[in-house]
Amino acid sequence: MKLFLDSAKVEEIQHALEHWALDGVTTNPRHVAATGKAAVEVYSEIAQLVQGTDVPVSVEVDPELDHWEQIVQQGEELARLSPNFVIKVGASEAGFRAIRELKRRGVRTNATLIFTVVQAWHAARAGADYISPFVGWREEFGDSGLELLGQVRQMLDNFGYRSQIIAAAMRNPRQIAEAALAGCHCVTAGKAVYEQSFNNPFTDLGVRRFAEAYRRTLAPA
Ligand code: E4P
């Protein structure tokens, strides 16, 4: 399963590139707004960071665009900023139509705000390169994220659709593990969730126990 970072902060992306063998980046308007900079500046900085790599970076069109031609136009403008950019388009009738057209024009897409198998099926039929089910949001409302991920994977496999699932809106390491077990191709999470995922209290306990023993081996009684 590929590791994507869900962030628009260049220092976080830089860290993940250097230390985590980062496979991809996903941004959204909230991440861009959190940087305090204009989107055009943020996208330019991220484009420079990943220049010369094959790391895909999802950048989102204006979520309120509801005509497919407008989505395509803005998607093409964003795609021209970097060969790494993948255009994030929200699930809707116009969105799926735009994804189909962007595909025809050679622009990669990520169908976002996916909450049902049927939405994922529309995205796959339209030729989305990536499909992003929002696990954390579903679970906040009491629905199973794991169930959705497994069903989307099964739907893709049933028909041989080539879209890759990005398990998105991860809130904890358990959800990352479940995404892997459900056969998701990629997972995207924020820096804090990955940092949590490296550790375990028993690992800390083990380090303390073995460190104490290690010190005794240096000067045996
Ligand atoms: C995924 O691609 C989205 O950017 C992301 O997971 C959105 O959800 P969140 O910001 O609530 O985590």
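How are helices α5 and α6 oriented to each other? The two helices are roughly parallel to each other, an angle under 35 degrees being counted as such.

## Basis of the model

This is a predicted model, in which local features need pLDDT of at least 70 and side-chain atom pairs count only at pLDDT 80 or more, while totals for chains, interfaces and linings use all residues. Residues are numbered from 1 along each chain as its sequence is written, and side-chain values use heavy atoms, with hydrogens and water left out.

Helices (H or I, at least four residues) and strands (E, at least two) are DSSP runs numbered from the N terminus.

## Helices α5 and α6

Two packed helices are described by the angle between their axes and the distance between the axes. For α5 (residues 93-104) and α6 (residues 117-126), the axes come within 8 Å and cross at roughly 25°. Such axes are lines fitted to C-alpha atoms over the stretch in contact, and angles run from 0 to 180 degrees between N-to-C directions. The crossing of α5 and α6 is right-handed, that is, the near helix is turned clockwise from the far one by less than a right angle.

F96, I99, R100 and K103 of α5 make the contact (heavy atoms within 4.5 Å) with Q119, H122, A123, R125 and A126 of α6. By class, this contact has four nonpolar, two polar and three charged residues; Ala, Val, Leu, Ile, Met, Phe, Trp, Tyr, Cys and Pro count as nonpolar, Asp, Glu, Lys and Arg as charged, and the others, Gly among them, as polar.

## Helices α4 and α5

The axes of α4 (residues 68-79) and α5 also come within 8 Å, crossing at roughly 45°.

From α4, W68, I71, V72, G75 and E76 meet A94, G95, R97, A98, E101 and L102 of α5. The contact comprises six nonpolar, two polar and three charged residues.

## The largest pocket

The largest share, three residues, comes from α2.

Technical notes:
Parallel < 35°, antiparallel > 145°, perpendicular 65-115°, else oblique.
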